[in-house]
Structures are given as structure tokens and as C-alpha cells.
Amino acid sequence: TKLVTDVVCPFCGTLCDDLEVVLSDDGKKIVDVNNACAIGAMKFLHSQAEDRLTRPRMRQEDGSWKEASYDEAIEYTAQMLAKAKKPLMYGWSSTNCEAQGVGSEVGELVGAQMDNTATVCHGSTLIAVQDVGVPGCTLGEVKNRADVVVFWGCNPAHAHPRHMSRYSIFPRGFFTAKGHRGRTVVVVDPRPTDTASIANLHLQVEQGRDYELLSALRVAIRGNPLPDVVAGIPKETIIEVAEKMKNARFGVIFFGMGVTHSLSKNHNIDIAIQVTRDLNEYTKFAIMPMRGHYNVTGSGQVWGWQFGYPFCVDLSRGIARYNPGESSSNDLLVRGEVDAVFVLGSDPGAHFPFNSVKKMNDLPCVVVDPHITPSTVVADLHVPVAFVGVEVGGCAYRMDNVPIETHKVVDAPDGMLTDEEFLEGVLKRVKELKGV
Ligand code: SF4
């Protein structure tokens, strides 16, 4: 066997870059994956599945699938996008920045609604950061400096399994030589999660009342009086947590969809950022969203520098407009404002509400994905592609906005295109159709 080292895991926003992949003697097959968590390892092993689709397939009148060539798939996609008045181009989080860049060019030419998975995830975080800024840091700083770590509305034990061992709780860093014994871990979650079970303190906040608890923390940090109980938490506990945070050498709040998608949404993040700001009067504190898809952060970066906005970008008027709630995928689908759907690097069929998925089913719909997913079930054209980070490299942004170059480990099956190559083909054909 052969061993490939320093491989980057293309699954979650932790982007672990210490994986080892064991290849067969001829270097063509992945035999095993070392260092990855179970979900990361499966991403590599799934790419080896015997029954994997290696050619596009087109839906027939009777609902069955017929194999198509990549040229036919490019033609169908280009025609669909060029003819549509207002196509939705959604996803972009499980692919590399290079493909995101080409996709943006296509979107600009066809006047698309460009949206990524932040729309159902950390979009409210992006809005809050635009409102009030963000005191951030890198995961390396957390590993080397953090002695107080707060997980608010997130459960990395399940969603980002190696986050705690690589960066936030267990590792020994330059100023954190005692590892987890030198760290205080606080979890705020209405549920007794596996992350909460290893925390020093678990604040079982009442569902949807994070805003009150964050306000109470601000009051406690300033030493002002509190009611006896806030959001189900006794004031003594709130004061204890506030003191631990103020006395940290370096602290960090990681937060997830428990706060971005509960009552108050972006206002929860506004005030969590204000708590972090307040703490910087006393010590060094940072805050970071636990981003899900491995390159959702990158898609916000690419669109940020291309359009000025990180998600919900409306290009239909020839300029970039941004108005989440109006230009977000689910609102557009449910209101019937888009007339074609293109999906790449995400699975809205699994994560969008039923009414949105029904609209995807009714509209012309192309899904680009290496896997068979709930989205491909409602698609008219399914284009399987090479796995980014396994069969093609490219840039991805970790949850702390650090760009990391992913590596190719094995070749894709003969003749398969990458996301970028497929999009290049679509771009070329759309240019011809539009006469530009
Ligand atoms: Fe991959 Fe995330 Fe697991 Fe790291 S924690 S190995 S990036 S799935």
C-alpha cells in the first residue's frame, strides 16, 4: 500500500488537514483513512462505491432516467439557464472556490439569484456581522491560547467531531500546555448533548430564550443586579459564568444553529457579539460561528469579493442586489419568483421545507452532485462530478476564514468532469447563446 499524508478533509468547516489516506499498491483505490472522524472517513470511502454514478442522467417523460453525455448535460443546463427569466443558482458550499468563481460568472451572465447554504444556516450570523462587526480569531489561536471555551447552541461532538480534539478542548498548545485540564468549557443548550456531558458547566437555557440569557450575561459582566432567574438559569450561575469569562486569559464563544435559527435570529448574534465586545474590556475574547459545509465560508468569501455580498445575491437587474428575506432561496421558491433551479454542492431536497422542494420538482431543475440525494430525486438532470478534496484539489475556507488548499488523492473514474470543468463548459455555451 501507499500512504498519502497531510490530506485535507472535505466534509465539515473544521477542514482537518492531518488526514492520512492509505491507497492500494497501484495508487488507484482508497483502502483506508487514518485520523479522520467517522463522517470524514466515509466521504473518502463513499467515493469508492462500486455502484457510483459516473455519467449524467436525464429524466424521461415517464419519470425514468436515461444516461446522457457530459456534452448533452452542458447543453441542457446552458439552455435552461439562458432561457430562464430568473433562475435560482443555489448551493456552492461543498465545492472549491475555483468552481464558485466560474459559477459566479455564469450567474452574472444569466441574471441569476445566487444563494448558498448560509441561507438556512449562518445567514443570520452574516447579517449580524454586517450590522455590528465581529471580534474574531483563528482556530490556531484557540488551540494555543484559549482557557475558557463556550459552545452556544452547537454540538460539535456530533456535527464537527474533531473540533474539540484538534482545536477547542483537548489539544495542548503553546500557552495551553495542560490541554483540557487547563480549560473551562461551558455549554449553553436546551438539550443535554454529548458536548454538554464533557463541559464543566452546562446552562440548560429555556428553548428560544438565548437573547435574554445573553442580555443577562452583559448585565452580570458589568456587575449590575439581575432577577433571580433568567431564561431558566439561576442568577448565581449567570454570575459564575460571567466571572469565569472575565477572568479568562483568552476566551472564545463558538455558536451554532441553536442560536442562528431560534427566536430573535440575527439579534441573538448581535448581542452575542456585544457580550464578546464587553469582555474585551477585561481580557481577550473572540467569537466564531461553527460553519457546517466544508467550504460554505469560501462561497461567502468569493461572492464577497465578486459581488460585495456573501449570500442571497440578486443579479437579475444586471447589478448585485442583496435583501435576505426577499432574495433568499426559500422565499423565492415559495413565492414562485424563479423559473429554473440549478443546484451544486448542496442538498436542498434534504434541508428545505416541503413547499420549496415541491417547487423544485415542478420547475426545470439541474442538480450537480457526486451522490444520489433527495435533491436528485426532484431533478430533471443529474450531473455526477468528481469529489473535491478526494479526486480534485482546490481552495476551501475553514470556519475561521483561513484558506486551505485541498489535495487530490486519487483519480476520478475515467471521463468524469469536475464541478469547475462542468461549469466552464456551461459558461462557454451560455456565452454563445447570449452572443457575448
Ligand atoms: Fe472531516 Fe470535520 Fe471530521 Fe475533521 S471534524 S475529519 S473536517 S468531518
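The structure is a predicted model, in which local features need pLDDT of at least 70, side-chain atom pairs count only at pLDDT 80 or more, and totals for chains, interfaces and linings use all residues. Residues are numbered from 1 along each chain as its sequence is written, and side-chain values use heavy atoms, with hydrogens and water left out.

The secondary structure comprises 18 helices and 21 strands; helices (H or I, at least four residues) and strands (E, at least two) are DSSP runs, numbered from the N terminus. The radius of gyration of the protein is 23 Å, close to the 22 Å that the globule rule gives for 436 residues, so the protein is as compact as a globular protein of that length. This radius is taken over C-alpha atoms, and the globule rule is 2.2 Å times the number of residues to the power 0.38. The C-alpha trace spans about 65 × 55 × 35 Å along its principal axes. Among contacts (heavy atoms within 4.5 Å) with a separation of 6 or more, 67% are accounted for by residues 24 or more positions apart.

In soluble globular proteins, nonpolar side chains tend to be buried together. A nonpolar core is defined here as a set of buried Ala, Val, Leu, Ile, Met, Phe, Trp, Tyr and Cys residues joined through side-chain atoms within 4.5 Å. The largest such core has 42 residues, of which M89, F342, V383 and F422 touch the most other members. Two or more residues are given to this core by each of several elements: helix 2 (70–83), helix 3 (97–110), helix 13 (296–307), strand 17 (340–344), strand 18 (365–368), strand 19 (381–383), strand 20 (394–397) and helix 18 (419–434). Helix 2 gives the most, with 6 residues. A second, separate core of 35 residues includes L226, I233, A248 and I253.

F342 is placed in strand 17 and is buried, with a relative accessible area of 1%. When residues up to four places away in sequence are not counted, F342 touches T77, M80, L81, L88, M89, Y90, W92, V366, V368, F422 and L423. F342 and D6 are 336 residues apart in sequence, and their C-alpha atoms are 34 Å apart in space.

Most residues other than glycine have a negative phi, and most peptide bonds are trans. D6, in strand 1 (residues 2–7), has a positive phi near 55 degrees. N401 also has a positive phi, of about 70 degrees, although it is not a glycine. N401 is found in the loop between strand 20 and strand 21 (403–406) and is partly exposed, with a relative accessible area of 40%.

S356 lies in helix 16 (residues 354–362) and is buried, with a relative accessible area of 0%. Residues up to four places away in sequence not being counted, S356 touches N330, L333 and V334. N155 is found in the loop between strand 8 (148–152) and helix 6 (156–159). N155 is buried, with a relative accessible area of 14%, and, leaving aside its neighbours within four places in sequence, is in contact with T193, D194 and T195.

Key. Buried means under 20% relative accessible area, exposed over 50%, partly exposed in between (1.4 Å probe, protein chains only).
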